[in-house]
Amino acid sequence: MTELRTSWTGAAALLFDLDGVLTPTAVVHEQAWQELFDGYLAETGHAQDYQESDYFDYIDGKPRFDGVRDFLASRGITLPEGPADDDPAHPTVQGLGNRKNLIFNEIVEAHGVVPYAGSVRFIDAALAQGLKLAVVSSSRNAPAVLKAAGLDGYFPVVVDGQVAADAGLPGKPDPATFDYAAGLLDVPAEDCIVVEDAVSGVQAGSAGNFRAVIGVDRGAGHQTLLDAGATFVVDDLNDLL
């Protein structure tokens, strides 16, 4: 445990994923994806139901529309792409992605967002040591979630799905969004630590030239995150204090 507590202190910056690392909104995303695909598969009469494992296998940590494509591909379904602002009722990749976003926002609005207490303590400890902080999230809802959780004041840099799209950056498991955040913080990648709970995010951190990748196990599994490239894995960021 002493090794874990000291291994992150030599860094200059921490690059956090949001959902599942700082806030329990990964659970909300899981719920929204299940509601989306339960409805879609029922509407189309598809024999294979949505399973809980589908979230971790095809969706978790990826940009929203990549998640739609990869899940549909797992069922042998190909849909038209549709325009970016496609109607959520339309059976297109963009339409289904926009429908999922509506479901997610409805759940957040109804129930709010409470950050993980251990993550807040970890952030405070990192700031006390002078580390710079950024959020790197595939979600285009990251700013709204940070604000709802009262965390927006901690992070001068937020690279979310919209920022990535505007900058033409590939999503996780490519390390581009993490590299972009390090650049905005003016910190070399090798002085940054990535903090992730998703396999695709850990893979992104492992593929880059970062100091380390802290895996936070919120359901993916310790060994799965280690196999994806995590330097080490904890159950909660409070374990590093």
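**Ion pairs, burial, cores and sheet**

Mentor: Gladly! Let's begin with Asp236 and Arg218, whose side chains form a salt bridge with N and O 3.3 Å apart. Asp236 sits in the segment after strand 6 (232-234) and Arg218 in the loop between strand 5 (212-216) and helix 11 (222-228), so the pair ties together parts 18 residues apart in sequence. Bear in mind that this is a predicted model, where local features need pLDDT of at least 70 and side-chain atom pairs count only at pLDDT 80 or more, while totals for chains, interfaces and linings use all residues. Residues are numbered from 1 along each chain as its sequence is written, and side-chain values use heavy atoms, leaving out hydrogens and water.

Trainee: Why is the Asp236 and Arg218 pair called a salt bridge?

Mentor: The term requires a side-chain nitrogen of Lys or Arg within 4 Å of a carboxyl oxygen of Asp or Glu.

Trainee: How many salt bridges does a search of the whole structure find?

Mentor: Eight. One of them joins Asp54 and Arg75, at 2.5 Å from N to O. That pair links distant parts of the chain, 21 residues apart: Asp54 is in helix 3 (residues 52-59), and Arg75 is in the loop between helix 4 (64-74) and helix 5 (93-111). Helices here are DSSP runs of H or I with at least four residues, strands are runs of E with at least two, and both are numbered from the N terminus.

Trainee: How do you know on which side of the burial cut-off Arg75 falls?

Mentor: Its relative accessible area is 9%, so Arg75 is buried. Beyond its neighbours within four places in sequence, Arg75 is in contact (heavy atoms within 4.5 Å) with His46, Gln48, Asp49, Tyr50, Gln51, Asp54 and Tyr58.

Trainee: What about the salt bridge between Glu81 and Arg69?

Mentor: The closest N and O atoms of Glu81 and Arg69 are 2.5 Å apart. The partners are 12 residues apart, Glu81 in the loop between helix 4 and helix 5 and Arg69 in helix 4. Glu81 has 34% relative accessibility, so it is partly exposed, and Arg69, with 31%, is partly exposed too.

Trainee: What makes a group of residues a nonpolar core?

Mentor: The members must be buried Ala, Val, Leu, Ile, Met, Phe, Trp, Tyr or Cys residues, joined through side-chain atoms within 4.5 Å. The largest such core has 51 residues, of which Leu14, Phe16, Leu22, Leu72, Phe155, Val195 and Leu237 touch the most other members. Helix 2 gives the largest share, eight residues. A second, separate core has 23 residues, including Val136, Leu225, Ala228 and Ala230. In soluble globular proteins, nonpolar side chains tend to be buried together.

Trainee: Where is Ala26, and is it buried or exposed?

Mentor: Ala26 lies in helix 2 (residues 25-44), and its 9% relative accessibility makes it buried. Not counting residues up to four places away in sequence, Ala26 touches Asp19, Gly20, Tyr55 and Asp197.

Trainee: In what order do the six strands of the open sheet lie?

Mentor: The order is 3-2-1-4-5-6, with parallel pairing. Neighbouring strands are turned by 25° against each other on average, direction ignored.

Trainee: How do you know that strand 5 and strand 6 pair?

Mentor: DSSP must find at least two bridges between two strands. Strand 5 and strand 6 have three, in the parallel sense, so they qualify as paired. Gly215 stands opposite Val233 in strand 6.

Trainee: Which residues of helix 10 (residues 199-207) are buried, and what covers them?

Mentor: Ser200, Gly201, Val202, Ala204 and Gly205 are buried. Their cover includes helix 9 (176-185), strand 4 (192-196), strand 5 and helix 11.

Methods: Buried means under 20% relative accessible area, exposed over 50%, partly exposed in between (1.4 Å probe, protein chains only). Axes are lines fitted to C-alpha atoms, for helices over the stretch in contact, and angles run from 0 to 180 degrees between N-to-C directions.
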